[in-house]
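Please keep the sequence and the coordinates in view while reading.

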Amino acid sequence: MWAFALTGALAACIGADRSASGEPALSDPASLPPASLASGKRLSVVATTSIVADVVGAIGGDSIDLHALVPPGVDPHAFEPTPQDLGRAAGADVVFLNGFGLDGRLAETLAAAAVHAPLVSLSQGITPLTLEEEHPGGSDPGGIDPHTWLDPNNLLVWVDNAAAALSALEPAHAAGFAERASGYAASLRALDAEIRQMLQAVPPQDRRLVTDHDEFGYFARRYGFTIVGTVIPGFSTGSEPSPQELASLEQAIRDLHVAAIFISSVVTPDLAERVAEDTGVRLVTLYAHSLSGPGGPASDYLSLMRYNVAAIVEALSPQAAGDGSAP
Ligand SMILES: [Zn+2]
């Protein structure tokens, strides 16, 4: 009923709230007008995914009220906001998105529901990867890779965008936003160095990934990995492989002696489990799209990356050969 009710609003908004490309119109973070805040009120900030919220929260600190729409453990590719989510977004001073289509359906729904809060994509300014770049010569269903956060260097752009937007909205707190942005950027650079150090345990010839869908392109490019194949074709979790595609993936796993299939904590593992059973390789769950929630091993972005890299090293390093235990 809610989706039906939105249809009319969507039609009314086309042209008004959407860009010519069909994507929801995004705001330039540095050009946002100052928010009109009542005395003693903090900026009301909504973020789409838990990872977007974590990074925005690191920059906003105590100066913002922050709410994430997609709960930990939920697939952002398939997320549908509730009327309550839309109400919260409608009352916000800004909505931060991952961008590049990850939260595109959500962004479209916000625009369609006449949520007038400015939409800021944290990935704005990153040069996106395409499937053709990730798999030269392969079939390319189109689209760009939204999984920018899996290379911490891309998050330096996120930090700049978040700090620019928050400072434009509340210039009185710009110095605090800039200071936290600078500190968080230093943490990201240290994380990149730490990841390189951890990955020294995986020889270049073993840096091969099979994943549930195409989510590790930016990570692979940064750290010298090859994506051998994916269980689900493409950059989202919504499509299905053909029997031929699955057979060809299983053959590649056998031919290349791939040690593990890495799946995201938010996906249904059935197909990947079948491929793992057929080929006799391990299935390793990573926090690729979502934090773990408080108290878990990936309760913030920096922990998430450390957890994922440790699990990859554990599965692919020569010492792991023959060890069938989970990380
Ligand atoms: Zn994904």
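Leaving aside its neighbours within four places in sequence, which residues is valine 94 in contact with? In this predicted model, the contacts of valine 94 are Leu32, Ser44, Val45, Val46, Ala117, Pro118, Val120 and Leu169, once neighbours within four places in sequence are left aside. Valine 94 belongs to strand E3, which covers residues 94–97, and with a relative accessible area of 0% it is buried. One of its contacts, Leu32, is 62 residues away along the chain, and the C-alpha atoms of leucine 32 and valine 94 are separated by 9.2 Å.

**Overall content**

The secondary structure of the chain consists of eleven helices and eight strands. Of its 327 residues, 48% are buried, and the accessible surface comes to about 14100 Å², with carbon and sulfur atoms accounting for 54% of that area. Among contacts with a separation of 6 or more, 66% are between residues 24 or more positions apart.

**The nonpolar cores**

The largest nonpolar core has 64 residues, and the residues with the most contacts inside it are Phe96, Phe219 and Tyr301. Helix H11, residues 301–316, gives the most to this core, contributing ten residues. The core also draws on both domains, with at least three residues from domain 1 (2–189) and at least three from domain 2 (203–320). A second, separate core of 15 residues includes Val95, Leu106, Ala107 and Leu110.

Phenylalanine 219, when residues up to four places away in sequence are not counted, touches Leu150, Asp151, Leu199, Leu209, Phe225, Met305, Val309 and Ile312. Leucine 209, named among those partners, lies in strand E5, residues 208–211, and is buried, with a relative accessible area of 1%. With its neighbours within four places in sequence left aside, leucine 209 is in contact with Phe216, Phe219, Phe225, Thr226, Ile227, Val228, Gly229, Phe262, Ile312 and Leu316. The C-alpha atoms of leucine 209 and valine 228 are separated by 5.7 Å, although the two residues stand 19 residues apart along the chain.

**Helix H7**

Helix H7 has 26 residues and reaches 37 Å from its first C-alpha to its last, which is close to the 38 Å expected at 1.5 Å a residue. Its buried residues are Phe177, Ala181, Tyr184, Ala185, Leu188, Leu191, Asp192, Ile195 and Leu199. These buried residues pack against helix H2 (50–60), strand E2, helix H6 (154–169), helix H8 (217–223) and helix H11. Leu199, listed among the buried residues of H7, is also touched by phenylalanine 219.

**Salt bridges**

Side chains of opposite charge can pair when their charged atoms come close.

| Pair | N to O distance |
|---|---|
| Aspartate 65 and arginine 42 | 2.5 Å |
| Arginine 306 and glutamate 194 | 2.9 Å |
| Arginine 254 and glutamate 250 | 3.9 Å |

Arginine 254 and glutamate 250, by contrast, both lie in helix H9 (residues 243–255), four residues apart, about one turn of the helix. Is each member of this pair buried or partly exposed? Arginine 254 counts as partly exposed at 38% relative accessibility, whereas glutamate 250, at 11%, counts as buried.

Finally, Asp192, Arg196 and Arg222 are linked in a network of salt bridges, and Asp192 is also one of the buried residues of H7.

Technical notes
Residues numbered from 1 in each chain as written. Predicted model: local features only at pLDDT ≥ 70, side-chain atom pairs only at ≥ 80, totals over all residues. Heavy atoms only, no water. Core = buried A, V, L, I, M, F, W, Y, C linked by side-chain atoms within 4.5 Å. Buried < 20%, exposed > 50% of the residue type's maximum accessible area, 1.4 Å probe, protein only. Helix = DSSP H or I, 4+ residues; strand = E, 2+ residues; numbered from the N terminus. Domains from an automatic or database assignment. Contact = heavy atoms within 4.5 Å. Areas by Shrake-Rupley, 256 points an atom, 1.4 Å probe, with all protein chains shown as cover. Salt bridge = Lys/Arg side-chain N within 4 Å of Asp/Glu carboxyl O. Expected span 1.5 Å × (residues − 1).
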